[in-house]
Amino acid sequence: SLYPYPDVPSYYPDGIWYSLPGGGACNEGPPTGTSSCTYSYSWPPEELTLEELQGKAGAGFWADAEDPQANMMKVMVAAALFAVKYPESPDLPTPACDFDFHKFWY
């Protein structure tokens, strides 16, 4: 099922939709799940520029946007570049999804 997000086909195998609500940034510590602490982040952010990501391929990096294999390679390239640029950054596990359709909509 494509519910709740995205509601269109995705060509990224194992892709995950994250929603970061405006009022849910934790002041300190890990997220607790309360309405005022659903996510945390670091500052300054660890990021890759489009130029770093595209490399010598330039805009061609984005070719084959509807090819799951090509998109898996794009994710692998991004992960490898990130690991080189930020070697001290921990490899975080994928958080479990605890979305409950009935609690959310009813």
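I started with Glu52, which is partly exposed, at a relative accessible area of 33%. The model I am reading is a predicted one.

Entry 1, the salt bridge. I looked for the partner of Glu52 and found Lys85, with 3.0 Å between the closest N and O atoms. I take this pair as a salt bridge because the cut-off for nitrogen to carboxyl oxygen is 4 Å. Lys85 is partly exposed too, and I noted its relative accessible area as 34%. I then checked where the two residues sit: Glu52 belongs to helix H1 and Lys85 to helix H2, so the pair ties together parts that are 33 residues apart in sequence. A search over the whole structure gave me 1 salt bridge.

H2 runs over residues 68–85, which is 18 residues. From first C-alpha to last I read 26 Å, close to the expected 26 Å at 1.5 Å a residue. Which residues of H2 are buried? I listed Ala70, Asn71 and Lys74. They cover an arc of only 100 degrees around the axis, so they lie on the same side of H2. On the other side I found Gln69 and Val84 exposed. I also looked at the start of H2, where a side-chain oxygen of Asp67 comes to within 2.9 Å of the backbone nitrogen of Gln69.

Cys26 and Cys37 form it, and I noted 2.0 Å between their sulfur atoms. Both cysteines lie in the segment before H1, so the pair ties together parts that are 11 residues apart in sequence. I looked up the torsion about the S-S bond of Cys26 and Cys37 as well; it is about 105 degrees, so I recorded the disulfide as right-handed. Are the two cysteines, Cys26 and Cys37, buried or exposed? I found Cys26 buried, and Cys37 likewise.

I placed Tyr18 in the segment before helix H1, the helix at 50–54. I set aside its neighbours within four places in sequence and asked what Tyr18 is in contact with. The contacts I found are Thr94 and Pro95. I also took the C-alpha to C-alpha distance from Tyr18 to Leu48: they are 19 Å apart in space and 30 residues apart in sequence.

Notes:
Residues numbered from 1 in each chain as written. Predicted model: local features only at pLDDT ≥ 70, side-chain atom pairs only at ≥ 80, totals over all residues. Heavy atoms only, no water. Helix = DSSP H or I, 4+ residues; strand = E, 2+ residues; numbered from the N terminus. Contact = heavy atoms within 4.5 Å. Disulfide = S-S within 2.5 Å. Buried < 20%, exposed > 50% of the residue type's maximum accessible area, 1.4 Å probe, protein only. Expected span 1.5 Å × (residues − 1). Arc of directions from axis to C-beta. Polar contact = N/O pair within 3.5 Å; in protein donor to acceptor, adjacent residues only side chain to side chain. Salt bridge = Lys/Arg side-chain N within 4 Å of Asp/Glu carboxyl O.
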